[in-house]
Amino acid sequence: MLRAPNRLVCLAIIGFALALQSSAGTAENQGLVTWQDDLAPIENADWNYETSAHLLERAGFGGTPAQVEALAALSPKAAVNSLVNFDPANNHHLQAFEHSGIHDPGLEPFPPSRPATTELAIDTGEALGVRVKPEGNRRLQPVVNKFFYWLRASRLETNRVAYWWANRMVASSNPLQEKMALFWHGHYAINESKVRDYRKLLNELKLFHEMGTGSFRDLMVAVAQDPAMLSFLDAGVNLKGAPNENFAREIMELFTMGVGNYSETDIREAARAFTGWNYVDLDFVINEDKHDDGVKDFLGHSGNFNGIEIIDLIMDQPVTAEYIASKIYRFFVREEISQALTKELGNTLRDADYDVAILLETIFLSKDFYSAPSVGSQIKSPVQLAVSTYRKLGLESVPGVPDFNQATGALSQSLFRPPTVAGWAGGRSWMTPGLLLERGNFARDVLFPDINFLPPDRVNGSSEIRSVADRIRQGLDITSATQPSSLGEGGVMAESNMLADRDEEFNTRYGSFRGWQMAIERVIPIPRHTARLNLSKMLEDRGVENTSEAVDYLLARFMRVKPDNKTRSMLINFLSEGLGTTSITEAQSYMEDSLRLVLHLIMSQPEFQLG
Amino acid sequence: MKKNRKDKILDRRELLAGMAGLSALSMVPPAFAQAAQAAAAQAAASGKVLVILELSGGNDGLNTVVPYSDDAYYRNRPNIGIPKNELRIIDDHFGFNPGMAGFERLYKDGKMAIVHGCGYENPSYSHFTSMAYWHTAAPNSGDEYGWVGKLADSIAPSAPSNYLVNIGSRQSLAVKSEKHVPVVFDNPDRFTREAFAAEKEALDIVPDIGEVENPSRRFLLDIARSANDASALVRDAWSKYDSPVDYGVNDLDLQKVVALLDAGMPTSLYYVSYRNNSFDTHVFQNNLHRRLLTYTSDAVAGFIRDLERIGRADDVALMIFSEFGRRVPENVSLGTDHGAANAMFVVGNQVKGGHYGKLPSLTELADGDNLAYTTDFRKVYQTMTQGWLGHNQSANLLGGDFGTFDLFS
């Protein structure tokens with residue numbers, strides 16, 4: 001392609017503008033274009049700050065210039081090795097998740113719905129560890145309250161698990177472990193609103209942390225026997241004589257082979273092999289009397305296969321290694337992968353007996369990984385955007401304002417809440433005009449915290465619930481307090497309209513309100529500190545003297561793909577006007593506000609979305 | 001050279017180049033009138049428009065279109081069943097909820113099809129899960145993209161700008177598309193970057209794609225331009241919109257649809273919703289539900305009248321759905337709990353009004369005292385994609401051929 005020389009010039013300028021140590025070779029990467037699809041390892045001579053920054057961005061969440069420089073000082077092999085074959089001891093500073101203590105044994109097994117709960121209570125006199133009142137009005141109210149309590153508390157606690165994980169992503173010395181966990185989290189997608197048990201989600205995350213870079217076969221077996229997945233895919237209702245195909249189908253369609261590599265018969269036969277697989281509380285169990293141990297015909301083989309044997313048969317299929325290897329590639333490198341490369345990577349994974357770490361090493365060391373189409377071409381996912389922004393700001397923890405889950409949710413990705421079992425589409429689907437504008441708003445919320453922030457783990461999002469709370473406090477009886485408002489959503493009814501308190505078994509809306517109240521009594525609040533920023537000091541430490549250097553420093557530190565010269569000039573002019581001078585030294589004592597505005601402008605650029 | 005999205009935008013820019021821009025701040029002035037003419041020509045060529053209205057929360061179909069002639073209805077709902085003399089009678093079996101003057105008029109004018117018993121196998125009673133199934137047309141499964149997004153990809157794989165509009169606080173899964181960039185906004189006046197005053201000028205500049213190599217970067221610059229352009233188009237369309245038609249208390253964003261149609265926005269697919277799980281009427285249902293239905297009915301009736309005013313009534317069909325119906329027996333709190341099969345509505349000048357589908361039985365109930373579905377909802381989707389929009393590749397995006405109802409004249 002004839003355009004290559006322009007890019008080389010552009011790279012040379014960027015390398016220059018960094019004003020940091022950059023090894024020889026930045027401007028000499030003629031190989032960049034021809035490196036595409038080449039899995040041969042990158043040479044030491046081609047290893048520099050730019051390649052290290054790219055590696056850290058993809059294998060982790062990016063980092064500060066110092067962290068990139070540390071990688072650049074190593075050989076490529078040593079750098080990749082430090083990330084992929086990480087030492088858990090590096091993370092002794094990270095804490096285990098602190099449970100709020102919301103669960104009690106009476107909640108197990110949790111019925112599938114509120115009607116199922118009240119029916120159980122009526123039939124047996126008790127549900128969720130709460131007795132039905134022998135007499136009086138609303139005999140079932142305490143049961144219903146507890147039902148809604150668990151729903152709300154589990155949801156809030158799941159948000160805390162998400163925060164704990166996000167903090168690991170920001171603070172971990174082994175970022176690849178977290179990045180790989182994020183990949184598996186999207187691959188083995190389960191949603192809190194169906195599972196309704198934060199403990200299961202936490203345990204599944206643990207699997208991803210501990211087994212994420214090990215054997216894919218072992219991980220598949222572990223996930224298939226994990227209560228979170230069993231609960232999400234209704235495996236518990238997979239019984240001999242009435243096998244539930246959902247579990248078998250998703251394993252084959254989404255987790256291992258992809259559509260078109262098995263028949264409907266294969267699904268039905270596999271479902272038979274998984275019958276009896278269930279869970280009790282947090283433990284996997286096999287109900288032998290529910291298990292169909294007859295002969296199954298699966299993918300051309302015949303035998304009394306059980307679930308694990310089915311998984312091993314799936315692993316034997318050539319397509320499985322290719323499916324997983326190419327999905328990992330698309331997550332870490334780029335969306336388009338050629339058939340030839342798919343086969344090559346599939347072979348790599350299969351020859352490594354499904355050892356994911358070996359596949360990752362191959363990918364991260366390959367020239368293809370550092371080729372032009374692979375570098376700076378990925379649209380950051382919302383979680384990647386938030387975490388890498390925090391890392392590049394030098395933060396050691398995730399701020400409580402803005403709320404991490406709200407922020408990433410507004411950008412269309414919430415941890416533990418993928419839209420469907422197929423996970424997040426990723427790639428360009430992260431971006432629409434509205435979402436681009438929202439990303440700018442996220443940056444603004446970090447750099448200029450909202451003083452009117454209302455913590456979502458205290459203030460209930462539903463105006464109807466808040467209205468019930470107000471009316472109860474005013475002394476209205478339950479019937480009056482839970483009347484749908486006649487003044488539009490959330491408006492409070494006049495007291496003169498109070499009705500007589502009804503006779504009823506229970507009141508759902510009151511339960512919803514009381515459940516929320518009980519939940520926030522127990523769930524530990526998320527700390528609401530803002531980002532501790534001092535951009536002035538950041539520049540001062542680097543010896544920046546004028547506004548051009550300041551903008552260049554910020555561009556180099558925060559952006560993997562630089563905007564064009566017009567934008568750079570605009571930023572420099574903007575800063576100079578804001579400061580009333582081009583001298584950083586002069587403006588030292590008052591430049592924080594202007595620096596933050598410039599950084600907001602930088603983070604609103606389309607190019608900032610690329611990693 | 002292969003034609004791509006960049007070329008489409010360049011063509012339009014060349015058209016616009018001669019006109020004085022409305023916005024002095026943008027490097028690519030969105031000369032609205034020119035764009036509108038070009039867009040209107042394109043829209044006229046492609047013809048039909050599909051609007052989808054989502055009623056979120058699980059609308060109680062039985063108290064919307066009441067089967068008053070069936071005793072089982074009153075037996076199951078001794079308290080919240082609506083007496084015949086309060087209903088808006090449309091025939092010997094059915095009457096609309098008293099709040100729905102608009103729907104009664106539309107039905108009697110032959111512009112409304114009611115499809116009974118829509119649902120799917122093994123229904124989910126979870127708002128989130130069931131709505132995701134409806135959004136992806138993949139019940140008991142999943143997809144990364146929405147059915148409307150896939151429809152856009154299938155009909156218009158070259159992905160022209162502004163083909164899909166979703167009015168809401170965030171992008172619905174239903175419009176999530178592989179190739180298209182849906183225009184998503186809530187308040188047209190606020191469909192603009194939230195920036196500090198000092199920054200506004202700086203942020204309105206979108207650089208030329210020009211020599212940019214990196215395809216992802218080109219895509220993002222397109223998005224940025226689209227954000228500026230689309231937002232300008234939307235704000236302008238809204239400021240020019242001036243209608244005497246009364247939409248009632250809550251127009252459900254249908255006025256914005258009319259505003260964009262009138263301004264010649266080249267959009268074929270619109271998605272709006274009645275938000276916040278409003279129809280989730282677990283307690284003391286009747287007054288609230290009647291209000292919700294009144295607002296819905298008024299909005300839809302206003303929408304049809306407004307379309308006639310701007311001369312687009314023959315081009316537009318509106319499909320109304322909810323993620324599930326509600327349980328047949330009332331509950332102890334004078335409300336209803338999550339159910340299964342439900343009625344869907346299709347409204348428009350070209351609709352052959354009447355009842356469609358097979359009525360679910362009120363005595364032979366499915367699991368949990370719910371209505372058993374008699375029509376897979378994807379048949380109604382296919383009726384809209386194939387029967388209305390004339391798209392014959394519907395099987396791919398719906399995961400099968402569900403057939404169509406003969407709904408349109």
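**Exercise 1.** How many residues does the contact take from chain A and from chain B?

*Solution.* The structure is a predicted model. In this model, the contact takes 57 residues from chain A and 52 residues from chain B. Next, consider the elements on the side of chain B that touches chain A: helix 5 (127-136), strand 7 (183-185), helix 7 (200-203), helix 8 (215-240) and helix 10 (285-309) of chain B each supply at least two residues. Helix 8 of chain B gives the largest share of that side, 11 residues. Finally, sorted by class, the side of chain B that touches chain A has 28 nonpolar, 12 polar and 12 charged residues.

**Exercise 2.** Determine how helix 4 and helix 10 of chain B are oriented to each other, and identify the residues in contact.

*Solution.* Begin with the geometry: helix 4 (residues 101-108) of chain B packs with helix 10 of chain B at an angle of about 45°, and their axes are 7 Å apart. Because of this angle, helix 4 of chain B is oblique to helix 10 of chain B. Then list the residues. Helix 4 of chain B contributes A101(B), G102(B), F103(B), R105(B) and L106(B), while helix 10 of chain B contributes S297(B), D298(B), V300(B), A301(B) and I304(B). By class, the residues of this contact comprise six nonpolar, two polar and two charged.

Note on methods. Residues numbered from 1 in each chain as written. Chains lettered and ligands numbered in written order. Predicted model: local features only at pLDDT ≥ 70, side-chain atom pairs only at ≥ 80, totals over all residues. Contact = placed C-beta atoms within 7 Å. Helix = DSSP H or I, 4+ residues; strand = E, 2+ residues; numbered from the N terminus. Nonpolar A, V, L, I, M, F, W, Y, C, P; charged D, E, K, R; others polar. Axes fitted to C-alpha atoms, helices over the stretch in contact; angles between N-to-C directions. Parallel < 35°, antiparallel > 145°, perpendicular 65-115°, else oblique.
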